[in-house]
Amino acid sequence: MKATVCVALCVVLLAGTVRGDDRCPAEDDPQVPPVLLPHPSDCDKFLQCSHGHAVVNKCPPGLHWNDSLKWCDFPEQAHCEPGVTQTTPLAAEPSPNCPGVYDPDHMVYVPHEQDCGRYYICDPYGVELEQTCPSGLHWNPLVNYCDFPELAQCEEQ
Ligand SMILES: *[C@@H]1O[C@H](CO)[C@@H](O)[C@H](O)[C@H]1NC(C)=O
């Protein structure tokens, strides 16, 4: 058991810039569904815990997150109030890569240091939230989306 904890912690420490969220369990339990949390500012997004980190997920177009029911629902039923459901800010340090002022209309994306298939979104607290591209795609910082590897021209390190 101790060894497992160390492995989990060491991976987190080594990863360095990957931010944890203390509302997420350190380890995923395959027996239970993942922990889902409200997004700090956007009603059409929610956070999913993955190995102790909060990963941003999007609701299907037109739907809003209902944190009581833990699913995406029609906005008039979801009663989502951005920022209000957020009780504890993410337990992470703001990143120097993120702007000091959050502008939801101009999201800031940060390429991952090692993994071409990953990138970060700056959250309203200036914290980098790790994202994963759909399988086979690479983050393209020129256009700010997951792209075909030959277009993204990312060099795996
Ligand atoms: C979630 O859905 C239920 C049932 O439709 C509703 O009563 C509630 O106000 C919704 N929103 C929140 C944040 O609980």
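Helices are DSSP runs of H or I with at least four residues, and strands are runs of E with at least two, numbered from the N terminus. On that basis, the protein chain of this predicted model contains three helices and ten strands. Read along the sequence, the elements follow the pattern α-β-β-β-β-β-α-β-β-β-β-β-α. The chain has 157 residues, of which 27% count as buried. Among contacts between residues at least 6 apart in sequence, 41% join residues at least 24 apart.

The mean pLDDT is 80, and 80% of the residues reach 70 or more. Over residues 1–19 the pLDDT is below 50. Beyond near neighbours in sequence, this stretch has 15 contacts in the model. A further stretch, residues 85–90, also stays under 50. For residues 85–90 the model has twelve contacts beyond four places in sequence.

Strand 1 and strand 2 are joined in the antiparallel sense over three bridges. Here leucine 36 stands opposite glutamine 48 of strand 2. Strand 2 (residues 45–50) and strand 3 (residues 53–58) also run antiparallel, and six bridges join them. Cysteine 49 stands opposite alanine 54 in strand 3. Strand 2 and strand 3 form a hairpin with two residues between the strands. In this hairpin, histidine 51 takes a positive phi near 50°.

Another open sheet has three strands in the order 6-7-8, and its pairing is antiparallel. Strand 6 (109–111) and strand 8 (128–132) are the edge strands, and each pairs on one side only. From one strand to the next, the twist averages 35°. Three bridges link strand 6 to strand 7 (residues 118–122), and the two run antiparallel. Valine 110 has tyrosine 120 as its bridge partner in strand 7. In a regular strand, side chains alternate between the two faces of the sheet.

Positive phi angles also occur towards the end of the numbered elements. Asparagine 144 has a positive phi of about 60°, although it is not a glycine. This residue lies in the loop between strand 9 (138–140) and strand 10 (145–147). Asparagine 144 has 14 other C-beta atoms within 10 Å, so it is partly exposed. Glutamine 153 is likewise not a glycine, yet has a positive phi of about 50°. Glutamine 153 is found in the segment after helix 3 (149–152). It counts as exposed because it has 12 C-beta neighbours inside 10 Å, and the cut-off for exposed is 12 or fewer.

The model also includes a ligand. Asn66, Asp67, Ser68, Leu69, Gln77, Ala78 and His79 surround the ligand. By class, this shell has two nonpolar, four polar and one charged residues. Leu69 and Ala78 fall in the nonpolar class. Asp67 is the charged residue. Asn66, Ser68, Gln77 and His79 count as polar.

Terms used. Residues numbered from 1 in each chain as written. Near = placed C-beta within 6 Å. Buried ≥ 20, exposed ≤ 12 C-beta atoms within 10 Å, placed from the backbone. Contact = placed C-beta atoms within 7 Å. Pairing = 2+ DSSP bridges. Axes fitted to C-alpha atoms, helices over the stretch in contact; angles between N-to-C directions. pLDDT = per-residue confidence, 0-100.
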